Amino acid sequence: MAVWKNEEDAREQIKELVAQYYHDFKEKKEPYREGDRINYAGRVFDEKEMCALTDATLDFWLTTGRFSDKFEREFAEWIGVKYAHLVNSGSSANLIAFMALTAPELGERQIKRGDEVITVACGFPTTITPILQYGAVPVFVDVTVPQYNIDVSKLEEARSGKTKAVMIAHTLGNPFDIAAVKDFCGKYGLWLIEDNCDALGTKYTIDGVTKYTGTWGDIGTSSFYPPHHMTMGEGGCVYTDDPLLHRLILSYRDWGRDCICPSGRDNFCGHRYDGQYGELPQGYDHKYVYSHFGYNLKVTDMQAAVGCAQLEKFPSFIEKRRHNWERLRAALECVSDRLTLPEAASDSVPSWFGFLISVKPESGLKRNDVTKYIEDHNVQTRLLFSGNIIKQPCFDEIRGTQAYRISGDLEVTEYIMNNTFWVGVYPGMTDDMIDYMAKVIIEAVSM
């Protein structure tokens, strides 16, 4: 039976056992063998994440706490923003980012029901879900190939007198034309939300200044779901440099409250009982004053503890993703007459989430035949999310209504829906795995 001198000693002994457990039972020891299943993504972790999770579990704080504070502070410093706030998913991060822009404190720039937000139909649903659920109007613009991002030449045509914001994602690590989008937003006083869930670690340069994607707009969002660049299991983050948006993000994340007391603390501001709010009685407990219709979307400290360990390794994850993407692209160049291979956006150094491929219709090949062959040979494939979100069943009840607007045509979006797929480049992949994927893809388009 273990003999512990004190709680600190007990924790260390428990974590030593957890580390031993990882090495004995969870550490991958068998090398990759050709033909083994290759998933498009996966968790990359070791005993450090398991020990951090154990440390947080032993605290038994259960909600946001010291590990959350640590992650928010270190993540903000790493990505280069003043404020970062953890939430329970990337989808929640998008919800909070959008809802913050509906706050009355923003005056004339407040997004109201019926206002328009420029976005794309070729992407993940939760980039546009908050817009629709609130009652604002997404305006869908076409995209380009081989970058798979918004066609910035169509922004002017998409704008109307009701346009208040642009909310778009960087596609699988490849950034949209941030310089053009920022210029457009600045010209008309529009908000810019960067959905950075698939591009964490991507660098972009404007006029000699290089920053990470997610930090060029007014608000950036990230996801820490297991397939993403780093993981907490579930989890996400909303970040900004704007002090007012920072306060609004916190309010909408934390029930819509006006109070800024950290979790577990009371009277942080020293004015808990002397304010006047709405039509409440003078001195109503500020702890229970609600300025917005908010949510409870906080992360747990156990998730944040895993994130703290992941963040230390994150730079190496980014480099491995770039290495894998470049190796795969070089290997597939020999079939570029049949496949459109992806290209990095100008002025960018992407942190790739996946490797996008479009089957050229003129080749006589069909996307589904190609992906079936690849899947049958144990390589996992994915489509570019919704393809064209307007064609999805979730639009059945609003299709053709004024709930949304299409600017121009969505010809390239339709092309992607019918011809495009992607495979993974996550950091758990070895060179042998990348080479086998390339071999199978080449076979698939050479039959």
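In which sense do strand β6 and β7 pair, and over how many bridges? They pair in the antiparallel sense, over four bridges, with β6 covering residues 203-206. The model is predicted: local features need pLDDT of at least 70, side-chain atom pairs count only at pLDDT 80 or more, and totals for chains, interfaces and linings use all residues. Residues are numbered from 1 along each chain as its sequence is written, and side-chain values use heavy atoms, with hydrogens and water left out.

**View 1. Three strands form an open sheet.** The order is β7-β6-β11, and the pairing is antiparallel. β7 (209-212) and β11 (348-349) stand at the edges. Each has a single partner strand, so one side of each is left without a neighbour in the sheet. Strands here are DSSP runs of E, at least two residues long; helices are runs of H or I, at least four residues long; both are numbered from the N terminus. Two strands pair if DSSP finds at least two bridges between them. Strands of a sheet pair through backbone hydrogen bonds, either parallel or antiparallel.

View 2. β6 and β7 form a hairpin with two residues between them. In the turn, D207 has a positive phi of about 50 degrees. I206 stands opposite V209 in β7, and K203 stands opposite Y212 in β7. Two bridges join β6 to β11, and these strands run antiparallel. Here Y204 stands opposite S348 in β11. β6 has a covered face, Y204 and I206, and an uncovered face, K203 and T205.

**View 3. Helices α9 and α12 pack together.** α9 spans residues 301-332 and α12 spans residues 431-444. They pack at an angle of about 35 degrees, with their axes 9 Å apart. The axes are lines fitted to C-alpha atoms over the stretch in contact, and angles run from 0 to 180 degrees between N-to-C directions. Residues of α9 in the contact include H323, R327 and L332. Those of α12 include D431, M437 and I442. Contact means heavy atoms within 4.5 Å. By class, the contact has eight nonpolar, two polar and three charged residues. Ala, Val, Leu, Ile, Met, Phe, Trp, Tyr, Cys and Pro count as nonpolar; Asp, Glu, Lys and Arg count as charged; the others, Gly among them, count as polar.

**View 4. R11 and D59 form a salt bridge.** Their closest N and O atoms are 2.4 Å apart. The pair links distant parts of the chain: R11 lies in helix α1 (residues 7-26) and D59 in helix α2 (residues 47-59), 48 residues apart. R11 counts as buried because its relative accessibility is 14%. D59, at 27%, counts as partly exposed. A salt bridge is a side-chain nitrogen of Lys or Arg within 4 Å of a carboxyl oxygen of Asp or Glu. Buried means under 20% relative accessible area, exposed over 50%, and partly exposed in between (1.4 Å probe, protein chains only).

**View 5. E12 and K15 meet in a salt bridge.** The N to O distance is 3.3 Å. Both residues lie in helix α1, three residues apart, about one turn of the helix. E12 is partly exposed at 38% relative accessibility, whereas K15 is buried at 16%.
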